[in-house]
Amino acid sequence: MTLIPHYINGVEGAEAATTLPVYNPATGEAHRQVAVATAEETERAIAAAKAALPAWRATSLIKRADVFFRLRQILADRTPELAAIVTSEHGKVLSDAAGEVSRGIENVEFAAGLVHLLKGERAEQVARGVDVHSVKQPVGVVACITPFNFPVMVPLWMVASAIACGNTVVLKPSEKDPSAAIWLAKAFQEAGLPDGVLNVINGDKTAVDALLDSPDVKAVSFVGSTPIAKSIYERASANGKRVQALGGAKNHMVVMPDADIDSAAAAAVSAAYGSAGERCMAVSVLVAVGDVAEPLIASITEKVQDLRIGDGTDAASEMGPLITREHRDRVESYVTGAEAEGATVLIDGTRRIAAGERLDGDGFFTGISLIDDVKPGMKLYEDEIFGPVLSVVRVETYAEAVELINAHQFGNGTAIFTRDGGTARQFEFDIEVGMVGINVPIPVPVGAFSFGGWKASLFGDSHIYGPESIHFYTRSKVVTTRWPDHTPAQVDLGFPSNH
């Protein structure tokens, strides 16, 4: 069975005293093994990054940019190869995996503009004969800890900006689908990145704890569930590190009575069930305002009738399996327990699969579920389910919709569907959520902006990728300069003056 190794200082290798299985979610078979790093192996990766830092920091911005231009071409040329790796370990359909690579390329393109992004500021003659300028310098060794749901895109969200800013990186991908991270590290090397600048450590909590506790790691980037994000933030920040930790979500999509029902229904189906709902920006709550619920539900029900669920390598499949059997069972528990909470199950994905209407075999498949009459306080409403389950909450007014969203613990993404520009503008103003879509169901910002939520969806002050990533991965240094002139020097023991 293939062993997925670590990648340290430009070399693949692993002692592999301990391994974990890596499954093909479409078959349920463990088809690979991944090495589990010890604390000592993790420290070796940190040491490699630390050793590579001085030379990489001193590398000219133009030479750094060249790496990203070459990397972009490698990713574009070999997207099918990388997408196939993602599908084999995550399960998402090939078209979705290719789309993930495309969104990752956006961040590589942004990082290639580092000559502009790393410019400082300058002011002359702030006092007589005195000039001041600022520079952006790297923070040092950075740890990037990434989730299973986007094994290409999220690493590129972090690694591209961190390396562009002159840092060196230890990447710890999810142990559930780690092969893409090794592929990316070798692609960086092929693009001209020096050994040691990007290292990949596979493993579990042992590796993560070593990264969080090492005094040589100066910053930590994380994307995952809220409990783990909170834990990582507290532990890393207590150790004096700069931390950005993105957590969970419960994304609401508001449909106003004046919305185009057919378009809203199509958007809800795409945003709720795409990638089997394993997206932190997936729509999981449909907020139906006024009398829009019945026609909206009818349109959604019609659109999902012919949805094809199957192996992600099958071109006919529109939705693949979930990542693990355990996660599938957890997702289905919300559906099977919905009626006991007082909700109405309109489409039960667990029964459709169990009845063999969609699939046979041992893969980690579930069907899509649609649940009506969901209310705050239900586990179905409060928890992040992270699967193909769409809840419908009925409210009478716009004000109720806003109050509902603003009261939720998560504040990652939201959307409103309406034809009224005034309503849309007011929603943008009123809503307490980090990313907002106006007739856009999944408002993931393009690479030139930054991604991140509010409330329990973010721990730390910085969003990820885009302009905020440049701030996170650099420290500002301000230099005040005076050159000798022909005025006789005088001793002055008073407080320094700008006059």
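## Parallel pairing around β11

Strands β11 and β12 (residues 242–246) pair in the parallel sense, with five bridges between them. Pairing here needs at least two DSSP bridges between two strands. Phe222 has Ala245 of β12 as its bridge partner. This is a predicted model: local features need pLDDT of at least 70, side-chain atom pairs count only at pLDDT 80 or more, and totals for chains, interfaces and linings use all residues. Residues are numbered from 1 along each chain as its sequence is written, and side-chain values use heavy atoms, with hydrogens and water left out. As for the labels, helices (H or I, at least four residues) and strands (E, at least two) are DSSP runs, numbered from the N terminus.

β11 also pairs with β8, again in the parallel sense and over five bridges; there, Ala143 sits opposite Val220 of β11. Six of the seven residues of β11 are buried, so the strand is largely enclosed by the rest of the structure. Buried means under 20% relative accessible area, exposed means over 50%, and partly exposed is in between (1.4 Å probe, protein chains only).

## What sits over helix α8

Helix α8 (residues 205–213) has its own set of buried residues: Ala207, Val208, Asp209, Ala210, Leu211 and Leu212. What covers them? The cover includes α1 (39–58), β8 (141–145), β9 (168–172), β11 (217–223) and α9 (226–238). Contact, here and below, means heavy atoms within 4.5 Å.

## The seven-stranded sheet

Now for an open sheet of seven strands with mixed pairing, in the order β15-β16-β17-β14-β13-β19-β20. β15 (344–347) and β20 (435–438) take the edges with a single partner strand each, so one side of each has no neighbour in the sheet. From one strand to the next, the twist averages 20°. Axes are lines fitted to C-alpha atoms, for helices over the stretch in contact, and angles run from 0 to 180 degrees between N-to-C directions.

Thr344 stands opposite Asp372 of β16. Is Asp372 buried or exposed? Asp372 is buried, at a relative accessible area of 5%. Setting aside neighbours within four places in sequence, Asp372 is in contact with Ile297, Ala343, Thr344, Leu346, Val392 and Arg394.

## Helix α16 and its partner α15

Helix α15 (residues 398–407) packs with α16 at an angle of about 25°, and their axes are 11 Å apart. That makes α15 roughly parallel to α16; angles under 35 degrees count as roughly parallel, over 145 as roughly antiparallel, 65 to 115 as roughly perpendicular and the rest as oblique. The crossing of α15 and α16 is right-handed. For handedness, a crossing is left-handed if the near helix is turned anticlockwise from the far one by less than a right angle, and right-handed if clockwise. On the α15 side the contact uses Tyr398, Val402, Ile405 and Asn406, and on the α16 side Thr423, Gln426, Phe427 and Asp430. By type, the residues of this α15 and α16 contact come out as four nonpolar, three polar and one charged. In this scheme Ala, Val, Leu, Ile, Met, Phe, Trp, Tyr, Cys and Pro count as nonpolar, Asp, Glu, Lys and Arg as charged, and the others, Gly among them, as polar.

Arg425 is in helix α16 too, and Arg425 is exposed, with a relative accessible area of 63%. Arg425 and Ile438 are 13 residues apart in sequence, with their C-alpha atoms 8.8 Å apart in space.

## Helices α10 and α11

Helix α10 (residues 261–273) packs against helix α11 (residues 293–303) at about 55°, with axes 9 Å apart. That makes α10 oblique to α11, and the crossing of this pair is right-handed.

Which residues of α10 meet α11? They are Ile261, Asp262, Ala264, Ala265, Ala266, Ala268 and Val269, and they meet Pro295, Leu296, Ser299, Ile300 and Lys303 of α11. The residues of the α10 and α11 contact split into nine nonpolar, one polar and two charged.

## The three-stranded sheet

Another open sheet has three strands in the order β1-β5-β4, with mixed pairing. Its edge strands are β1 (2–4) and β4 (19–24), each pairing on one side only, and the twist averages 40° from one strand to the next. β1 and β5 (residues 29–35) pair in the parallel sense over three bridges, with Ile4 opposite Val34 of β5.
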